[in-house]
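Trainee: Could we go through this model together before I write my notes?
Mentor: Gladly, let us start with the overall fold and then look at single residues.

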Amino acid sequence: PKEHKGPKVEGEVVSVTGTRLEVWTKDGPVSVTLSPETSVERGDAGEKASKDDLKPGQHVTVVGHKLASGGIAASSVHLLGDHEDGGNEHDHAGQK
């Protein structure tokens with residue numbers, strides 16, 4: 001994979017609004033701004049994806065540069081996997 005420069009955040013997409021993603025990271029929510037130049041990839045092979053593929057619940061890694069607001073201007077977003085196919089059942093096991 002190509003080397004990306006700048007801060008990197010990893011987390012779960014909470015919301016997608018136009019050119020803005022809200023990503024929940026281990027340090028709390030991070031606002032990510034997408035631009036026409038932001039590349040979106042998925043999977044280990046870095047298969048090309050589009051901004052339309054970004055949905056709440058997905059696990060992503062975002063690389064870009066930090067904004068004065070504390071958010072990140074994304075140069076690339078990598079989809080680490082879709083959790084829509086019931087991948088979260090194990091989180092709820094035994095919680096009664």
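The chat below goes from the whole chain to its strands, its core and one loop.

Trainee: What should I keep in mind about where the model comes from, and how many helices and strands are there?
Mentor: This is a predicted model, and the secondary structure of the protein chain comes to one helix and seven strands. Followed along the sequence, these elements give the pattern β-β-β-β-β-β-β-α.

Trainee: How much of the chain counts as buried?
Mentor: Of its 96 residues, 30% count as buried. The protein chain exposes about 6,400 Å², and carbon and sulfur atoms supply 52% of that area.

Trainee: And what share of the contacts links residues 24 or more positions apart?
Mentor: Such pairs account for 50% of the contacts in the protein chain, counting those with a separation of 6 or more.

Trainee: Let's do the strands. How does β1 run relative to β2, parallel or antiparallel?
Mentor: The two run antiparallel and are joined by five bridges. They form a hairpin with two residues between them, and glycine 18 in the turn has a positive phi of about 60 degrees.

Trainee: What does β2 do on the β3 side?
Mentor: β2 and β3 form another pairing in the antiparallel sense, over six bridges, and this hairpin also has two residues between its strands. Within that pairing, leucine 21 has valine 32 of β3 as its bridge partner.

Trainee: Which residues of β2 are on the covered face, and which on the uncovered one?
Mentor: Leu21, Val23 and Thr25 make up the covered face, whereas Arg20, Glu22 and Trp24 make up the uncovered one.

Trainee: Which residues touch the most other members of the largest nonpolar core?
Mentor: That core has 16 residues, and those touching the most other members are Leu21, Val32, Leu34, Leu54, Val60, Val62 and Val77. At least two core residues come from each of β1, β2, β3, β6 and β7, with β7 giving the most, namely four residues. As a general background, nonpolar side chains in soluble globular proteins tend to be buried together.

Trainee: Changing topic, where is glycine 57?
Mentor: Glycine 57 is in the loop between β5, residues 47-49, and β6, residues 59-66. The C-alpha atoms of glycine 57 and valine 23 are 9.5 Å apart in space, although the two residues are 34 apart in sequence.

Trainee: What about glutamine 58, buried or exposed?
Mentor: Glutamine 58 is found in the loop between β5 and β6 as well, but it counts as buried because its relative accessibility is 3%, and buried means under 20%.

Trainee: What polar atom pair does the glutamine 58 side chain make with lysine 55?
Mentor: A polar atom of the glutamine 58 side chain lies 2.6 Å from the backbone nitrogen of lysine 55.

Key. Residues are numbered from 1 along each chain as its sequence is written. This is a predicted model: local features need pLDDT of at least 70, side-chain atom pairs count only at pLDDT 80 or more; totals for chains, interfaces and linings use all residues. Side-chain values use heavy atoms; hydrogens and water are left out. A nonpolar core is a set of buried Ala, Val, Leu, Ile, Met, Phe, Trp, Tyr and Cys residues joined through side-chain atoms within 4.5 Å. Buried means under 20% relative accessible area, exposed over 50%, partly exposed in between (1.4 Å probe, protein chains only). A polar contact is a pair of N or O atoms within 3.5 Å; within protein, one must be able to donate a hydrogen and the other to accept it, and residues adjacent in sequence count only if both atoms are side-chain atoms. Two strands pair if DSSP finds at least two bridges between them. Contact means heavy atoms within 4.5 Å. Accessible areas come from the Shrake-Rupley method with a 1.4 Å probe; for residues, only the protein chains shown count as cover.
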